[in-house]
Amino acid sequence: MKALVTFPILIPLATAIITIFLGRSLRGKVVVSLVGGGASFASALLLLRTVWSQGTVVHVMGSWSPPFGIILVADLLSSGMVLLSSGVALVALCYSVGYVEEEGQRLAYHPLFHLLMMGIYGAFLTGDIFNLFVFFEILLISSYALVAFAGEDYQLEATLKYATINLIASAVFLLAVGGLYGTMGSLNMADLSLKIGQLQDPGPLPTIFLLFIAVFGVKASMFPFYFWLPDAHSSAPTPISAILSGVLIKVGAYSILRISSVIFVPFRPDVQGWILALAAITMVVGACGALAQSDVKRLLAYSSVGQMGYILLGVGIGTPLALVSTLLFIVNHALAKAMLFLTAGIVIEATGTREMGNMGGLGRQMPWTAGAFLVGTMAIGGVPPLFGFFAKFLLIKSAIEAGYGFLAALAAVLAIVTLWYLFAAWQQVFWREGSGHALHAVPRLMKGSGLVLAGLILIGTIFLNPLVDFLSAVEAQLRQPGVYVTAVFREVTRGSALH
Amino acid sequence: MRRPTTIIAEVVTRFAFPIIFLFSLHLLLAGHNNPGGGFIAGLMTAVALVLQYVVFGMREVQRVTPSSYLGLVALGLTLALGTGLGSLVLGWGFLTSGILHLQIPLFGEVEVVSAFVFDVGVYFIVVGVTLTVISLLGRETA
């Protein structure tokens, strides 16, 4: 069923529309929104199952056959990313119902949330590079509004930074798309892959590739484009922080992975040095930044910068082992960082402060939350037996095997730094002698959401082998862009036979 | 009450408003095969309303427009999504446009395309968003 690919995009859109129509009815909006989130997750699950059993699924939009029309393509990587993000989104949505104040939910929170998710799923599923730009804009515009949602001064300041840098990035994105279209005469990813494969003279393509990497690097918080992130991710309402840090920055990493494995395959060696160098600096900057924070959400945001450095490092090394471990890293970071933000939000709600210095001793009062935060700390820090350890271990191993001893050493040292600042944070918030504050009540829905993600990390650890097998299959598909291209053009011939 | 503008602006606006509005409808209808379309038509209608707002104030705009601007956006989105879903239900690709040639007396052959419904959706979205923006900016604050 080809139409299945459109469902993860259409369901959030329909949900957004219905929640606008519902006006100010809180109960109706919450029910529709949760049903929509659940349906998105179910459709993602179904899509991944179909892709796994029947291979890459292609949907030709408007019946204009590629390379002229726009297509949606679900291969293992994109449908896996859709499933991961829809899972995190569903949990964050449940959390939002308890977290976002009623007036906000009556207004625009639910429509914006689903439009944001529509943009994210669309960016994963599109097979056309201009369409990717469009979905980027959808997710960015919704996220600007969501970061500034409560309208506090610091949120507006963060949004201003976030919006400015991303508007510039969008302009550069258009420039790169224009350059690509001017050089190759096509924007369909599969078509570009074929054409670039047969090219004799590369012309400006390596430069265009670098432009794309810079643009996606802004989304993926790559050095030197990371500075909007700590503000935006820490100022946003907590469930949105979880989406931004857990899912949205991976859209940048995904896009780099996609264009370098399908479109610009011959030019990968040209940019590899850039990606590796910037990834290394990103790791260092993120770790140093996190060490200096006393605000728990800012600490987590800086930690996201550092961890994105690892992901980019894996993308840069590009050997099969490096890519498998990067994918494992993405799964781990998406679940664990989203969960850390959600639990940090619970603590902030209970104590009424974001300064870790004013917390302390909360472990006795909220043992489950402390436990969830500890699982997240261990997952991001890479403590065995959690699968975050294997992600980091395999990544460092792949760096050594590929001959990047220095980068491997740097990654190992920074892994210890990561572990240190996260455990220090946990110790400060939950362990040491408490200040004996009276705690505010926290809705049960919020506490439960954090635990669900902690549970998922544990399940991922138990089923590590099947997970790694699946990610190896994803990586095998990435290594053969021919599979992607053939799937797309098989659809063309089938379409023309139909008419 | 304080007069916001001059009498010249008021008279010109009264004449210009229907002309701009009609032209925007023309753009909407012409959009399928000629320059025009839902987006530009929506902008044109919005410009007419902005002119109304600048010259006569927000109350005058509210008199001629529906009360819920976001409802207008939702209606437009529904039309656009509905067009796509229709083709999906019929087994075509999402957003495939159906074309129907009708013989209508006086007009001759008229081409009816389902993409037109999509355009109307876009039109409502653009008008709704623009009205939301000017109603927020133009709200009388204490």
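## Salt bridges, starting with the contact between chains

Let's start where chain A meets chain B: the count of salt bridges between them is 0. A salt bridge here is a side-chain nitrogen of Lys or Arg within 4 Å of a carboxyl oxygen of Asp or Glu. Polar contacts do turn up, with 2 residue pairs between chain A and chain B, both at pLDDT 80 or more. That term means a pair of N or O atoms within 3.5 Å; within protein, one must be able to donate a hydrogen and the other to accept it, and residues adjacent in sequence count only if both atoms are side-chain atoms.

Before going on, a word on what you're looking at: this is a predicted model, where local features need pLDDT of at least 70, side-chain atom pairs count only at pLDDT 80 or more, and totals for chains, interfaces and linings use all residues. Residues are numbered from 1 along each chain as its sequence is written, chains are lettered from A and ligands numbered from 1 in the order in which they are written, and side-chain values use heavy atoms, with hydrogens and water left out.

## What the two chains share

Chain A puts 15 residues into the contact and chain B puts in 14 residues; contact means heavy atoms within 4.5 Å. Between them the chains bury about 1100 Å², with 83% of it on carbon and sulfur atoms. Buried area is the accessible area (1.4 Å probe) that two parts lose on being put together, summed over both. On the chain A side, Leu10(A), Ile17(A) and Ile20(A) lose the most area to chain B, together 38% of what that side buries.

Which elements give two or more residues to the side of chain A that touches chain B? They are helix H1 (7-21) and strand E1 (57-60) of chain A, and H1(A) gives the most, with 7 residues. Helices (H or I, at least four residues) and strands (E, at least two) are DSSP runs, numbered from the N terminus. That side of chain A divides into 10 nonpolar residues, 5 polar and no charged.

## The nonpolar cores

The largest nonpolar core has 195 residues, and Ile120(A), Leu180(A), Phe212(A) and Phe264(A) touch the most other members. Helix H14 (residues 320-351) of chain A supplies the largest share of this core, 21 residues. A nonpolar core is a set of buried Ala, Val, Leu, Ile, Met, Phe, Trp, Tyr and Cys residues joined through side-chain atoms within 4.5 Å. Buried means under 20% relative accessible area, exposed over 50%, and partly exposed in between (1.4 Å probe, protein chains only).

Leaving aside residues up to four places away in sequence, Phe264(A) touches residues including Leu180(A), Ile196(A), Phe209(A) and Phe212(A).

## Charged pairs in chain A

Over all chains, the structure holds 9 salt bridges. One of them joins the side chains of Asp231(A) and Arg298(A) (2.7 Å, N to O). This pair links distant parts of the chain, with Asp231(A) in helix H10 and Arg298(A) in helix H13 (residues 296-317) of chain A, 67 residues apart. Asp231(A) counts as buried because its relative accessibility is 12%, while Arg298(A), at 23%, is partly exposed. Lys161(A) joins these two in a network of salt bridges.

Other pairs sit within a helix. Asp191(A) and Lys195(A) form a salt bridge, with the closest N and O atoms 3.4 Å apart, and both lie in helix H8 (residues 189-197) of chain A, 4 residues apart. Glu475(A) and Arg479(A) do it at 2.8 Å; they are 4 residues apart in helix H20 (residues 464-479) of chain A, so about one helical turn separates them. Glu475(A) is buried, with a relative accessible area of 2%, whereas Arg479(A) is exposed at 51%.

Where are the cis peptide bonds? One joins Phe223(A) and Pro224(A), with omega about 0°; another joins Pro384(A) and Pro385(A), with omega about 10°. Pro224(A) is in the loop between helix H9 (205-219) and helix H10 (229-235) of chain A.

That loop also holds Ser221(A), whose phi is near 55°, a positive value in a residue other than glycine. Ser221(A) counts as buried because its relative accessibility is 0%.

Methods: Nonpolar A, V, L, I, M, F, W, Y, C, P; charged D, E, K, R; others polar.
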